[in-house]
Each structure stands twice: as C-alpha cells, then as structure tokens.
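Here are some friendly notes to read alongside the model. Take a moment to look at the picture, then work through the points in order.

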Amino acid sequence: MAALRVLMLGVLVVLMACGGPWAAGQKRKEMVLSEKVSQLMEWASKRAVIRMNGDKFRRLVKAPPRNYSVVVMFTALQPHRQCAVCKQADEEYQILANSWRYSSAFTNKVFFAMVDFDEGSDVFQMLNMNSAPTFINFPAKGKPKRGDTYELQVRGFAAEQLARWIADRTDVNIRVIRPPNYAGPLMLGLLLAVIGGLVYLRRSNLDFLYNKTGWAFAALCFVLAMTSGQMWNHIRGPPYAHKNPHTGQVNYIHGSSQAQFVAETHIVLLFNGGVTLGMVLLHEAATSDMDVGKRKIMCVAGVGLVVLFFSWLLSVFRSKYHGYPYSFLMS
C-alpha cells in the first residue's frame, strides 16, 4: 500500500508539472476575456453603440479570446463626407442597439459597435473596405463568413431587417422598440377634422360626396402610390439614393430587380402619372364636346405623354432586368 501511494503521488506530481504551463495559459486567457467583457459591458451601459477606433477594434473585436459577437457598423458620419445614407442608417442602428440594451433579455452575447472612417481609417484599410455604411457581424468563434456581411442594398437598413439578420447569425432575437411617433396619428386626425368640417359646413348640400371626379382622383393617387413601391419602402426602409464614394456619382435607380431606392419610387410614380395623364387626355379628346381644334391638341398632347413616359418606364425596366431585349425610343 505504501508503494502504491508513493506511485500515485509521483504520477500526480508529474501531471501537475506537465499541466502547469497549460493551466497558467488558460487562466491568462480567462482573465483577458473577463477584462474584455467587463470593459464592453461598462461602455454598453453608457452608450448602446460603442464607438471604436483602430486600437479598440483590434483588441476587442479582432484579437482572441472572444466568446461574444460584435455587430459593427462601418460608417462616415462627419459632415464633410456628405453621406446622407450613413445618417439614416445610423438612426435605425441606434434604435436597434437601444432596443437590445434596454431589453430584459440583454446579455453579453452580442455587442453593437461603430467605426467611423475619420476615427478608424486604418480599420477600413485592414478590411479592404471602400464603401459606407456597411454592417458586419464578427462571430464569437472564427472569422466572419459571407453571410456575416449585411446585404444593405437588398434588405435596406430598417432596424427590423437588421434584427432579423442578427437573429440568423447569432440566434439572438431582438424586439425592436421605436420611440413614439405622433406624426401619423396627428395627420390622420387633421384629415378627419378637415373632412368633418367640410361635411358640417356643407351639411345642407352633400352632393360633393357623390362627385365622381373627386373619388376617381383620390383612387388614382392611391393606385399610383402603391404601384410605385411606397409600401415596399415602408417595410424595407431602403436608402434614398446611393453615392459612389470614389467617383461621387449618385445613383437613383437600383441596378437589381430585387431592391429599389426611395428616389426610384418617386421617379416611377412620376412616369406612371405621366402615362396616366396622357391616357386621360386621349379619353377626353375622344368623348368631350369641345371644338375640333382643342380636341386635336389634347390628342397630340396625350399621345406625346404616353409615348415619352412609357419609353422612360421601359428604360428603367431594362436597367433593372439586365438582358431584357426590348426598348422604345430610349435605350
């Protein structure tokens, strides 16, 4: 028994001697990780989106060890950069980060950070990044994969869309809570008040409620708004336009059939309205009781509007659906 005890003691001493450096290294990693998490939690308690420069990014996001994900928005918010999209995206990003920070489910599993070009240009160079805004998720283990870069041009930068993407990449579900916006209810109340006032003032003669022209115009405005993509804008929250950071060229038409800019919907609405106005003029020229000269003018104007605006619509369609073979007047 004494010999067995001596043998066991010797084995234990050998194991401790062999495992000493590994255990010490593991302890150092745990201490470094604990310091990182404590630092991020302290910053997150003060500001939902942590602003980072090159040193902070390399130490807290790139360098191991890390058991947390960091969603980083790379942006250019300084006024001289003239990035209107960056400001709009930042507003939505702040809403998302605050929704997570003040959620009862908040943990140290995900942090939100921001790197501005003027504060961390070396980070942009390190990642070979030449556009802003860009959202990248740096996972807790390994390097970012293709899906960890947010498809801004396809999904838009609405906080709800960003939350769905984060849920796909990190399994963290964030319920977006927006600050109360009373503009919609106020406008609806004002509209109802105006309608109610008109009905009250004209209560002795309500023939205007049966005016076909008025109802037709209202229905036409609604149809034009819906067919131009306003509901898509409301759901996806796309940028108004895109400015190339290298050439400074502004694109108002998205090059993909899977997305659009807000400016694009306004352009399409204008073109659809021009075609509609042309059709209305043609109808009036054919059915009105005006003299022949005025009807001819209306007919020519109607044909011109239909041809011109339909050609522009077709050119927009061709620019989004590459390979479409047909064109009319304009390529």
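1. Which residues of α3 meet which residues of α6? From α3 they are Glu 92, Tyr 93, Ile 95 and Leu 96, and from α6 they are Ala 159, Leu 162, Ala 163 and Ile 166. Contact here means heavy atoms within 4.5 Å. By class, this contact has seven nonpolar, no polar and one charged residues. Ala, Val, Leu, Ile, Met, Phe, Trp, Tyr, Cys and Pro count as nonpolar, Asp, Glu, Lys and Arg as charged, and the others, Gly among them, as polar.

2. Before going on, please note that this is a predicted model: local features need pLDDT of at least 70, side-chain atom pairs count only at pLDDT 80 or more, and totals for chains, interfaces and linings use all residues. Residues are numbered from 1 along each chain as its sequence is written, and side-chain values use heavy atoms, with hydrogens and water left out.

3. Helix α3 covers residues 84-101 and helix α6 residues 159-170; their axes come within 9 Å and cross at roughly 55°. Helices (H or I, at least four residues) are DSSP runs, numbered from the N terminus. The axes are lines fitted to C-alpha atoms over the stretch in contact, and angles run from 0 to 180 degrees between N-to-C directions. The pair α3 and α6 is therefore oblique. Angles under 35 degrees count as roughly parallel, over 145 as roughly antiparallel, 65 to 115 as roughly perpendicular and the rest as oblique.

4. Now turn to a second pair. Helix α8 (residues 212-227) packs with α10 at an angle of about 140°, their axes 9 Å apart, so α8 and α10 are also oblique to each other. Leu 220, Leu 224, Ala 225 and Thr 227 of α8 meet Leu 269, Asn 272, Gly 273 and Thr 276 of α10. This contact has four nonpolar, four polar and no charged residues.

5. Thr 265 lies in helix α10, which covers residues 262-287. Not counting residues up to four places away in sequence, Thr 265 touches Ser 228, Gly 229, Gln 230, Asn 233 and Gln 260.

6. Glu 264 is also found in α10. Because its relative accessibility is 3%, Glu 264 counts as buried.

Technical notes:
Helices (H or I, at least four residues) and strands (E, at least two) are DSSP runs, numbered from the N terminus. Buried means under 20% relative accessible area, exposed over 50%, partly exposed in between (1.4 Å probe, protein chains only).
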